[in-house]
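Could you open the model in your viewer and follow along? We will go from one selection to the next.

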Amino acid sequence: MKIIQITDTHFVPPGHTLYGLDPAASLRRTVADINERHADVDLVVVTGDLANDGDESAYQLLRDTLAPLPCEVRLLLGNHDNRESFRHVFPKAPVDSRGFIQSALPTSDGALQLLFLDSHEPATIGGKYCPVRIDWLATELAQAPDIPAVIFIHHPPFDAGLAHFKHIGFHDPEALLEVLHNHPAGIRHMFFGHIHISLSGITEGGISYTSGRGVSHQFIVEPEDPAPYWTAGTGPNYTVITQQGKELRAMHVDTLDARPLVRSSECFGP
Ligand SMILES: [Fe+2]
């Protein structure tokens, strides 16, 4: 199964810009690149901060910009989003029984269970995961105790080691991590956004993770700086996740036109 993660699209109403950038143009570039290079993609996951200020017009523009993708798209909420505005524009987006934007999907080979979590809390920059959401997650995991899970979420539920996120990380990660750690088949990997840099690692409890960088804007990597500069970085980007059985790979892709130097040659070894 080929899954593509896009994150932190930060859409603004049509005609507006953000930090001098046009988030819609950035995503258009990303979608075109996906369609050109990965037309066989099975699923696209956008891991939150879909709209910068939660405007319905921004969500409408996002809907139209994602439309050319050839596959199902799962949208997650981040701190910048607005759940009500989102649901007005995306009425068919899967939700749990309490209206949180949460859903589950088995991989096409049935080897893994993909779980899409809603860590958005109104008027809160950091992530939250209340008891209602915990119940949903625990129930989903309990229904497939023998199948490892892969988590998609906006906020990483641990300290990412970045001064800027010291106060706006995950406010109540303990209960969420306890449920994840107790899943009998284990958590195979976690993909998230929020931090706008590339980060991979493994938690104390043994959950490996990978972040997306942000389609529109990224941070210059200054871990000790509480107020680092935003940058357009290497431009619109996405992560290609390939899955077969319990095996996962994640490749970060940039969409800028890099001038080819010279074609390499195929290596036959040794
Ligand atoms: Fe963001």
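**First stop: helix α4**

Select α4: its 13 residues reach 18 Å from the first C-alpha to the last, close to the 18 Å expected at 1.5 Å a residue (the expected span is 1.5 Å times one less than the number of residues). Helices (H or I, at least four residues) and strands (E, at least two) are DSSP runs, numbered from the N terminus.

Before going further, a word on what is on screen: this is a predicted model, where local features need pLDDT of at least 70 and side-chain atom pairs count only at pLDDT 80 or more, while totals for chains, interfaces and linings use all residues. Residues are numbered from 1 along each chain as its sequence is written.

Now show the side chains of R133, W136, L137 and L141, which are buried in α4 (buried: 20 or more other C-beta atoms within 10 Å of the residue's own; exposed: 12 or fewer; partly exposed: in between; C-beta atoms are placed from the backbone). Looking down the axis of α4, you find its buried residues within an arc of 125°, so they line one face of the helix (the arc is that of the directions from the helix axis to the C-beta atoms). Turn to the other side of α4 for the exposed P131, T139, A142 and Q143. The buried residues of α4 pack against β6 (149-153) and α5.

**Next: helix α5**

Select residues 173-181. Which residues of α5 are buried? They are P173, L176 and L180. Down the axis of α5 these fall within an arc of 70°, so they line one face of the helix. E174 and E178 are exposed on the face of α5 turned away from that buried side. The buried residues of α5 pack against α4 (131-143) and β7 (187-192).

Pick F158, placed in the loop between β6 and α5. F158 counts as buried because it has 20 C-beta neighbours inside 10 Å. Leaving out residues up to four places away in sequence, F158 touches P173 and T203 (contact: C-beta atoms, placed from the backbone, within 7 Å).

**Into the core**

Select I151 and F152: of the 52 residues in the largest nonpolar core, these touch the most other members (such a core is a set of buried Ala, Val, Leu, Ile, Met, Phe, Trp, Tyr and Cys residues joined through C-beta atoms within 7 Å). Apart from that core lies another, of 5 residues, among them F158, A160, F165 and I195. Leaving aside neighbours within four places in sequence, the contacts of F152 include V45, T47, L76 and F191.

**Strand β2**

Strand β1 (residues 2-6) pairs with β2 in the parallel sense over 4 bridges (a pair needs at least two bridges found by DSSP), and I6 has V46 as its bridge partner in β2.

**Last stop: the open sheet**

Colour the 6 strands of the open sheet, whose order is β4-β5-β6-β7-β9-β8, with mixed pairing. β4 (103-106) and β8 (200-202) are the edge strands, each pairing on one side only. Finish at β8 and β9 (residues 208-211), which pair in the antiparallel sense over 3 bridges; there, G201 stands opposite Y209 in β9.

How values were computed:
Two residues are in contact if their C-beta atoms, placed from the backbone, lie within 7 Å.
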